[in-house]
Amino acid sequence: LTIAVETEVSRLEKELKKFLKKVVIDGGLQEQIAVQDATLGKAIKDSLDLPCVTSSAISELYRGIRQQAPSLLGISEENMGLMSLGLAHSLSRYKLKFSPDKVDTMIIQAITLLDDIDKELNNYIMRCREWYGWHFPELTRIITDNLVYAKVVQALGERTNATSTDFSEYVTEDIEAEIKKTSEISMGTEISEEDIMNIQYLCTQITTISEYRAQLYEYLKNRMNAIAPNLTILVGELVGARLIAHAGPLLTLPSTPRQLFRFLVLRKLCSEL
C-alpha cells in the first residue's frame, strides 16, 4: 500500500528504486524504461540516471495492458474486478489513516463547533434575560455576567424567594444584598409556577452548554499548542484555528492571501476593545 500511495503521487518509493537498481542497473540492461507518469519518470531519471520515455503511445500501451490484465495474469475477469475493488478500498483506508490533514480536520471541526455554540449561547441568554425580565427586570441591571445571571435565576425562581435564598456561591455580599433589597420593590409582573419552571430549565441548558464550551475551548487550545505553537503565539489559538479553517491544511497556510490574515487579526483586535 505504501508503494501504491507513493507511486500515485509520482514519488520514487525506496522499494521501487531498489527493484530498478537491481534489475536494470545491476542487470546491465540498456533499454529505455516506459513510464506513463512523466513526473515519476523524471524522478527516476534524476535519482538513478536511467533513460525514461513518456508519450501517448506509452499511455495506449498501458491502457491495453490494463484491458488484457486478466488474460495476462491467468485469472478471470470477475476475480480481477474483485481484486481491483479490494485494492481500491484498502488504498482509500490507508490514505485516510495516514492523512496529514486529519489533525487539521479536528481543529476545523472544533473551532466551527465553538462558533456555533457561541451563537446558540447568545440566543439562549438573550431569551432568558427577556423572559425573566418580565418578572424581575431590575436583576438585569444588577448582574451583567450572563452565566452568573443564569445561575442566580436558576437558584432564585420567583423573586419573592430572594430573602431566603443564599447567593454567596455566585455573587459578592454587596450584590447579594442589592438583589434581596430590590426584589422587595420590584416593578415586575407576576408569573405562574410553570413559567418559572421553564425559565429555570433554560438556565440549566445555559449552564450545561457553557461548561461544555469551556471544555471544548481547552481541547482546542491544547491541540493548537501541540500542532501550531508558533501560530498560536502570534495570533492566539482562536484566530489561529480560524486561519486554518479558512486556509485549509497547515501546509497551504503560507500561501494564504494576506488580506485574510489582516481581516482575522483586525477582528481579534476589535473583539478585545
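This is a predicted model: local features need pLDDT of at least 70, side-chain atom pairs count only at pLDDT 80 or more; totals for chains, interfaces and linings use all residues.
Which residues of H10 (residues 173-183) are buried? They are Glu176, Ile179, Thr182 and Ser183. These residues lie on the same side of H10, because they cover an arc of only 135 degrees around the axis. Turn to the other side of H10 and you will find Glu173, Asp174 and Lys181, which are exposed.

## The nonpolar cores

The largest nonpolar core holds 37 residues, and those touching the most other members are Tyr132, Leu139, Ile143, Ile179, Leu220 and Met224. Two or more residues each come from H7, H8, H9, helix H11 (193-227), helix H12 (229-235) and helix H13 (237-247). H7 gives the largest share of this core, with nine residues.

Leu139 is a handy place to start exploring. Setting aside neighbours within four places in sequence, leucine 139 is in contact with Tyr132, Tyr149, Val152, Val153 and Ile179. There is also a second, separate core of eight residues, with Val24, Ile33, Val35 and Leu40 among them.

## A buried arginine

Arginine 129 sits in helix H7 (residues 102-133).

Apart from neighbours within four places in sequence, the residues in contact with arginine 129 are Thr140, Ile143, Thr144, Asp145, Asn146 and Tyr149.

Terms used: Residues are numbered from 1 along each chain as its sequence is written. Side-chain values use heavy atoms; hydrogens and water are left out. Helices (H or I, at least four residues) and strands (E, at least two) are DSSP runs, numbered from the N terminus. Contact means heavy atoms within 4.5 Å. Buried means under 20% relative accessible area, exposed over 50%, partly exposed in between (1.4 Å probe, protein chains only). The arc is that of the directions from the helix axis to the C-beta atoms. A nonpolar core is a set of buried Ala, Val, Leu, Ile, Met, Phe, Trp, Tyr and Cys residues joined through side-chain atoms within 4.5 Å.
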